[in-house]
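Subject: Structure for you to look at

Hello,

Here is the structure I said I would pass on.

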Amino acid sequence: MTSEETVAAGAAPTASPATFRAVPLPALVAVGFVAVGISPIAFQGGPWFLLFLVPLALAWWLVRTRTVVDTDALRVVSAVGSRRLPWGEVATLRVASRGWVRAVRTGEGEQALTGVRARDLGRVAQASGGRITMPTPEEVAAAREHERELEATRMRVARLREREAEVEAEVEAEVEAEAEAEAEVEVEVEAEAEATSDDADVDPPADESGATDTDRQRRHSADTQDGDGEARA
């Protein structure tokens, strides 16, 4: 055995790339059924033939979108392009909502890894050739629990805001009701004042002869003075 054969025998096996898809390729069968379903309409000719673009677009998306992991980098392929992230630019992998995995870059920002879920982290670690370590089940469970707590906190905040809005609406309604009540009281007071002033302007009531109380008082004073004059005489 040569020295080269000895080195090759002692070397660790090379990690093979791993491919992850959001939708498995067997879904192309469903796309084929879609094409068959629309074919009677599409074969009518004219612009109807363009309906075949729908299953073609679906098939293109299913075949293209994927994430390829190897020992050099992460490659995220979309329907219209691709992006390569060397492992040196990846700080860590984060489990986002619903178990999807995102790559946190050493600079700023994150990159969604199409088709990679939390359950696939073992395959990602193996395909990376030791670039990353597989998180323990406890760490994955803790990340999911943290996401649930964040969602519950967002829901509580939303309910509190709704309650504050309801309280503000009730306070505004009470203020408007008080203002209307004060306006009604002011109108009643003004009406009473006008009625009082009208009563003051009316002449005192007269008796059957047409004489008022003022006339009767004047005649009584004159009779009294006449009686005093006769007594002196």
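In helix α2, the buried residues are V31, A35, I38, S39 and A42. Buried means under 20% relative accessible area, exposed means over 50%, and partly exposed is in between, with a 1.4 Å probe and protein chains only. Helices (DSSP runs of H or I, at least four residues) and strands (runs of E, at least two) are numbered from the N terminus. An α-helix has 3.6 residues a turn, so residues three or four places apart point the same way.

This is a predicted model: local features need pLDDT of at least 70, side-chain atom pairs count only at pLDDT 80 or more, and totals for chains, interfaces and linings use all residues. Residues are numbered from 1 along each chain as its sequence is written, and side-chain values use heavy atoms, with hydrogens and water left out.

The buried residues of α2 pack against α3. Helices α2 (residues 28–42) and α3 (residues 53–64) meet at an angle of about 170°, and their axes are 9 Å apart. Axes are lines fitted to C-alpha atoms, for helices over the stretch in contact, and angles run from 0 to 180 degrees between N-to-C directions. On the α2 side the contact (heavy atoms within 4.5 Å) is made by L28, V31, A35 and I38, and on the α3 side by P55, L58, A59, L62 and V63.

Next, the core. The largest nonpolar core has 20 residues, of which L74, L93, L113 and V124 touch the most other members. Such a core is a set of buried Ala, Val, Leu, Ile, Met, Phe, Trp, Tyr and Cys residues joined through side-chain atoms within 4.5 Å. Helix α4 gives the most to this core, with four residues. Leaving out residues up to four places away in sequence, L93 touches L74, V101, R102, A103, L113, L121, V124 and I132.

G99 lies in the loop between β5 and β6. This glycine is buried, at a relative accessible area of 13%. Beyond its neighbours within four places in sequence, G99 is in contact with V116, R117 and A118.

For the whole protein, there are six helices and seven strands. Buried residues make up 19% of its 233 residues.

Regards
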